[in-house]
Amino acid sequence: MTTVIDGKAVAADVVAKVRVAAEQLIAKTGVVPGIAVVIVGHDPASQVYVASKGKKAKECGFHSIEHALSSDTSESDLVALVEKLNADPAIHGILVQLPLPNHIDAGKIIQTIAADKDVDGFHFTNVGKLGTGELDTAFVPCTPAGSMLLIERALGRDLSGLNAVVVGRSNIVGKPMANLLLNANATVTVAHSRTKDLPALCRSADILVAAVGRPEMIKGDWVKPGATVIDVGINRLDGGANGKSKLVGDVDYASAAEQAGAITPVPGGVGPMTIALLMANTVVSAFRAAGQAAPRF
């Protein structure tokens, strides 16, 4: 029988632990974890995501602020706002919602965020720490961190002897995912658009992580029997005649579930973990700022 990995339940458990940790930090030091979210423009999907971040932050007992800027905000004004937040001791996590308008260099803005408040894990300092195994002081990008937590729940923290294949080499998911798996002692291959015979490579994987942004690309006959399949993809398909669109992953769930030992659904798998780990990173940042030993989730 295939185990369906319930990301909603694991995310709820993480958020509950974050809330307890925040309460303990406040009681011991008076420090309230603070998070600032900056959104530029009026992209509907970004607005929904920012609203959900704010709601979750309040659920965790955080001090949460939002800066909603017009789409014609200059790059220099955005840099100035980020630098102001860097200097604010009440703020422990800074998020600049992507995408940004074309006239703003997103890379420059990300690198302006102080590394110790970069709870998205995109600053070069955090990227370098992850790449060299300094996980105790790094902030790891939230989607791969959440995916790794789901893998740990299924297989444990030590993945020695297991082959992992990550399909996708993005800086946001694929590369950090590979580093996390390496750190857990898995043998890791990163596949991408130029990989030869991708189906055969996927069939070698005890752990298969799909993060390519192509709906239902990975079929059931690509999956090794008993493998753990983590589907990071979120793709909206046109509903056709009935007009209802639906969300699907990068894995053809119906056929893959017949082969896999454990698999994440879409929706309800990796998705809820992203915001949960964002909250976890923020409370860890607050603990560090207060000179306290940070919890692990």
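Predicted model: local features only at pLDDT ≥ 70, side-chain atom pairs only at ≥ 80, totals over all residues.
Residues are numbered from 1 along each chain as its sequence is written, and side-chain values use heavy atoms, with hydrogens and water left out.

**View 1. The open sheet of three strands has the order 3-2-4, with parallel pairing.** Strand 3 and strand 4 (93-96) are the edge strands, each pairing on one side only, and neighbouring strands of this sheet are turned by 15° against each other on average, direction ignored. Strands and helices here are DSSP runs numbered from the N terminus, strands being E runs of at least two residues and helices H or I runs of at least four, and two strands pair if DSSP finds at least two bridges between them. Strand 2 (residues 34-40) runs parallel to strand 3 (residues 63-69) and is joined to strand 3 by seven bridges; I39 has A68 in strand 3 as its bridge partner. Four bridges link strand 2 to strand 4, also in parallel, and there A36 has I94 in strand 4 as its bridge partner.

**View 2. Strand 2, helix 2 (residues 44-59) and strand 3 form a right-handed β-α-β unit.** Right-handed is used in the sense that, with the strands pointing away from the viewer, the path from the first strand over the helix to the second runs clockwise. A UniProt annotation from an unreviewed entry, "domain: Tetrahydrofolate dehydrogenase/cyclohydrolase catalytic", covers residues 5-120; such annotations may be inferred rather than shown by experiment, and their positions are given in the numbering used here, with feature names shortened. The span of residues 5-120 is 50% helix and 16% strand, and its end C-alpha atoms lie 24 Å apart.

**View 3. S285 lies in helix 10 (residues 271-289).** S285 is buried, with a relative accessible area of 5%, where buried means under 20%, exposed over 50% and partly exposed in between, for a 1.4 Å probe and protein chains only. Not counting residues up to four places away in sequence, S285 touches H92, D116, K117, V119 and F139, a contact being heavy atoms within 4.5 Å. The side chain of S285 reaches the backbone oxygen of H92 at 2.6 Å.

**View 4. The open sheet of six strands has the order 1-11-8-7-5-6, with parallel pairing.** Strand 1 (3-4) and strand 6 (187-191) stand at the edges with a single partner strand each, so one side of each is left without a neighbour in the sheet. Strand 1 and strand 11 (residues 262-263) run parallel and are joined by two bridges, with V4 opposite I263 in strand 11. Helix 7 (residues 174-183) packs on the sheet and touches strand 5 (163-167), strand 6 and strand 7.

**View 5. T264 is placed in the loop between strand 11 and helix 10.** T264 counts as buried at 1% relative accessibility. Leaving aside neighbours within four places in sequence, T264 is in contact with I5, L150, V229, I230, D231, Y253, G269 and V270. The C-alpha atoms of T264 and I230 are separated by 5.4 Å, although these residues are 34 residues apart along the chain, and the side chain of T264 reaches the backbone nitrogen of D231 at 2.8 Å.

Notes:
Axes fitted to C-alpha atoms, helices over the stretch in contact; angles between N-to-C directions. Polar contact = N/O pair within 3.5 Å; in protein donor to acceptor, adjacent residues only side chain to side chain.
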